Amino acid sequence: MGVVTPAGRAAPADGTAPADLTVPSGGTPSATSADRVPRQDRLPKQDRSPKQDRSRATRRRLLEAAVACLAEHGWAGSTVSVVAERAGVSRGAAQHHFPTREDLFTAAVAYVAEERSTALRALFPGAPTEGPADRRAVVAALVDLYTGPLFRAALHLWVAASNEEQLRPQVTELEARVGRETHRIAVELLSADESRPGVRETVQGLLDMARGLGLANLLTDDGARRERVVTQWAALLEEALD
């Protein structure tokens, strides 16, 4: 037999409360439908970080750590454990995103490639819609990219790929893509007309020169000499492209 509720209605014999339980004035408030929602579903939206977002953030931290480790320690010193520790995640979490060392550092090359293109575009956000950028500034920006930490990390991966059969095809393919993208961006920023004889080779020569300065920068930072080279190349470009 059921018990009598404060409202005078019979509750089921199993002890559960009626769905429309009410309490007279002065009684204890009943549980509303909102109160019966699980606590985690009532947390503020900003406190519920989606799993997908957390996964993307972890992946990015791992790639950034891989790039930094390559630039500082080279291939031999950049193990998955070292990268995971730098990223602040467990080795297991790192291997969840990148099962092998080759997977991790191949993804790091793609990340470096994208960052290099983004960095170059960020220097001249209005080009070419706002008119051609200053050519000396473009040459200096390209040289800065090739002498910066992103390119240094890529160089270490090139060295590793020359000795690692599993890594070489992936790095070769990605670097070829980076080269094409960098050339395209340089052509746009320099407002170069590649239909004219010799212009394409002139732009490619600029990129080769910048890459060579990046290689030289591994041993010594000769900023004063670089400035003179940039000035001379800018003058040659003005003559060749105009």
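Let's start with contacts: in this chain, residues 24 or more positions apart account for 63% of the contacts with a separation of 6 or more. Contact here means heavy atoms within 4.5 Å.

A word on the source. This is a predicted model, where local features need pLDDT of at least 70, side-chain atom pairs count only at pLDDT 80 or more, and totals for chains, interfaces and linings use all residues. Residues are numbered from 1 along each chain as its sequence is written, and side-chain values use heavy atoms, with hydrogens and water left out.

Now the overall layout. The chain has nine helices and zero strands. Helices are DSSP runs of H or I with at least four residues, strands are runs of E with at least two, and both are numbered from the N terminus. Of the 242 residues, 36% count as buried. Buried means under 20% relative accessible area, exposed means over 50%, and partly exposed is in between, using a 1.4 Å probe and protein chains only.

Next, a helix pair. How do the axes of α1 and α6 cross? Helix α1 covers residues 51-73 and helix α6 covers residues 149-163; their axes come within 8 Å and cross at roughly 75°. The axes are lines fitted to C-alpha atoms, for helices over the stretch in contact, and angles run from 0 to 180 degrees between N-to-C directions. That makes α1 roughly perpendicular to α6. The cut-offs: under 35 degrees is roughly parallel, over 145 roughly antiparallel, 65 to 115 roughly perpendicular, and the rest oblique.

Who makes the contact? From α1, Val67, Leu70 and Ala71. From α6, Pro149, Leu150, Arg152, Ala153, His156 and Leu157. By class, that is seven nonpolar, one polar and one charged residues. Nonpolar covers Ala, Val, Leu, Ile, Met, Phe, Trp, Tyr, Cys and Pro; charged covers Asp, Glu, Lys and Arg; the others, Gly among them, are polar.

On to the rings. Rings of Phe, Tyr and Trp (its six-membered ring) pair if their centres lie within 6.5 Å; planes under 30 degrees apart are stacked, over 60 edge-to-face, and the rest tilted. The count comes to three aromatic pairs. One of them is Trp75 with Phe105, edge-to-face, at 5.2 Å centre to centre and 65° between the planes. Trp75 lies in the loop between α1 and α2 (80-87), and Phe105 in helix α4 (residues 101-123), so the pair ties together parts that are 30 residues apart in sequence. Trp75 is buried at 13% relative accessible area. Phe105 is buried too, at 0%.

Phe151 and Trp158 also pair edge-to-face, 5.6 Å centre to centre, with 90° between the planes. Phe151 is buried at 1%; Trp158 is partly exposed at 26%. Ring pairs link Tyr146, Phe151 and Trp158 into a cluster.

Back to Trp75. What sits over its ring? The charged end of Arg101 does, 3.9 Å from the ring centre. The rule asks for NZ of Lys or CZ of Arg within 6 Å of the ring centre and within 35 degrees of the ring normal.

Tyr146 comes up again with Thr182. Thr182 is in helix α7 (residues 168-190) and is buried at 9%. Leaving aside residues up to four places away in sequence, Thr182 touches Leu142, Tyr146 and Leu207.

Last stop: Ser191, in the loop between α7 and α8 (199-216). Its phi is near 50°, a positive value in a residue other than glycine. Ser191 is partly exposed, at 35%.
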